[in-house]
Amino acid sequence: MSAPTPDRSHDPSPEHAEGQPSAQSTAGRRGLSFRNVLLIAVTVLVVIAIALMSIIKVPVVILRPGPATDTLGKVDGKDVIAIQGAKTYPTSGSLDFTTVSLAGGPNYPVSVIEYLQAKFLDKNAQIEPEEAWFPKDVSGDQIKQKNAADMTDSQETAEVVAMRSAGFTVPQKVLVGMIAEGAPVGKALVVKDQLLSIAGKKVTDLASVHAAMDGVKPGSSVPVQVLRGGKRVSVSAKTAAAQNGRAVFGIGLDPEYTMPFEVKVNAGNVGGPSAGMMFTLAIYDKITPGAMTGGKKIAGTGTINEMGEVGPIGGVRHKMVGAKDAGVGYFLAPASDCDEVVGHEPDGVTVIKVASLKEALAVMPKIAKGETTGFPACTK
């Protein structure tokens with residue numbers, strides 16, 4: 001009698017033994033693991049791409065509206081314009097100088113991310129080539145030094161122009177500040193010479209120097225009297241033609257003023273010369289009777305020179321937006337910047353064209369009355 005054959009119908013097969021994964025579950029876990037690896041890889045690539053875009057720089061500048069500062073107010077608890085040694089008068093309203101927020105150049109290079117954000121997400125951003133704003137081979141420190149020097153010069157010029165416009169006498173000397181390499185004047189003039197006369201015409205200020213040079217033929221030599229080491233010296237100074245055709249010596253002038261009283265300007269962390277006109281207006285308002293603005297909020301921009309002429313600046317369209325954001329109703333724009341003004345005037349802001357301090361002062365009575373029409377305006 002043969003032995004019975006064991007019944008194996010219920011024995012687990014090796015493939016389905018307890019504790020062993022099934023082919024289906026193994027495949028499922030393998031698929032999930034692959035997706036996780038792919039997700040991690042993509043995440044790493046994105047992080048690397050973002051990091052690279054933060055590091056890689058783009059040779060552009062990005063201009064945006066900056067803040068406005070009231071020259072009749074305070075910065076960090078200190079008067080923007082502080083006057084000592086002269087009678088001052090109450091003011092009202094505001095006379096804001098406006099600024100541009102600028103990214104780019106050696107000190108604030110623009111990353112790829114910043115560029116893309118400005119390009120596609122910021123309607124107020126203006127992108128321009130870096131070389132349009134920053135000369136090559138100029139360091140960040142040199143730019144800072146120049147901006148600080150320009151601000152100091154604009155403040156001093158504003159003081160002189162405001163004082164003279166208000167009737168004060170501001171004596172000055174005109175010194176030779178520098179002599180350009182290869183200048184036509186050669187060694188006839190030296191640094192620190194005080195100019196006394198040019199071609200027989202007395203030198204009293206920068207304007208008198210320009211007036212005297214108007215009558216000089218480029219390439220000719222003219223008699224010049226200077227005060228050198230306390231002694232009068234007469235020299236023959238050769239000229240050449242500048243790019244504009246005027247006769248020049250190839251020197252830089254350094255005016256030295258004797259101020260009748262002290263003015264301290266606290267503009268905060270701002271550089272450049274573009275606040276010159278607004279500083280001038282603020283000083284003038286404080287040293288003359290009557291509140292010039294009539295309580296109105298006025299902003300503006302523009303350089304100022306000793307002749308009281310208002311010069312061009314950069315980014316005026318952004319400065320107008322900054323003025324509107326500050327709640328200003330009137331904006332004084334340099335006439336020489338009209339090309340940029342037209343088409344960018346903010347709604348609700350009366351933009352007034354001015355070419356000089358005299359023109360700026362002339363529109364003040366109408367502004368003080370609240371008028372909004374009949375002002376000189378930029379046109380196409």
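Analyst: Helix α5 covers residues 276-287, 12 residues in number, where helices (H or I, at least four residues) and strands (E, at least two) are DSSP runs, numbered from the N terminus. From its first C-alpha to its last, α5 reaches 17 Å, close to the 16 Å expected at 1.5 Å a residue; the expected span is 1.5 Å times one less than the number of residues.

The model is predicted: local features need pLDDT of at least 70, side-chain atom pairs count only at pLDDT 80 or more, and totals for chains, interfaces and linings use all residues. Residues are numbered from 1 along each chain as its sequence is written, and side-chain values use heavy atoms, with hydrogens and water left out.

α5 is mostly covered, with 12 of its 12 residues buried. Buried means under 20% relative accessible area, exposed over 50%, and partly exposed in between (1.4 Å probe, protein chains only). The buried residues of α5 include M277, F279, L281 and I283, and also D285 and K286.

Elsewhere, V44 lies in helix α1 (residues 23-55). V44 counts as partly exposed because its relative accessibility is 43%.

As for the strands, two pair if DSSP finds at least two bridges between them. Strand β2 (residues 60-70) runs antiparallel to strand β8 (residues 126-129), joined by four bridges, and V61 stands opposite E128 in β8. β2 is also joined to strand β6 (residues 94-103) by seven bridges, again antiparallel; here A68 stands opposite T98 in β6.
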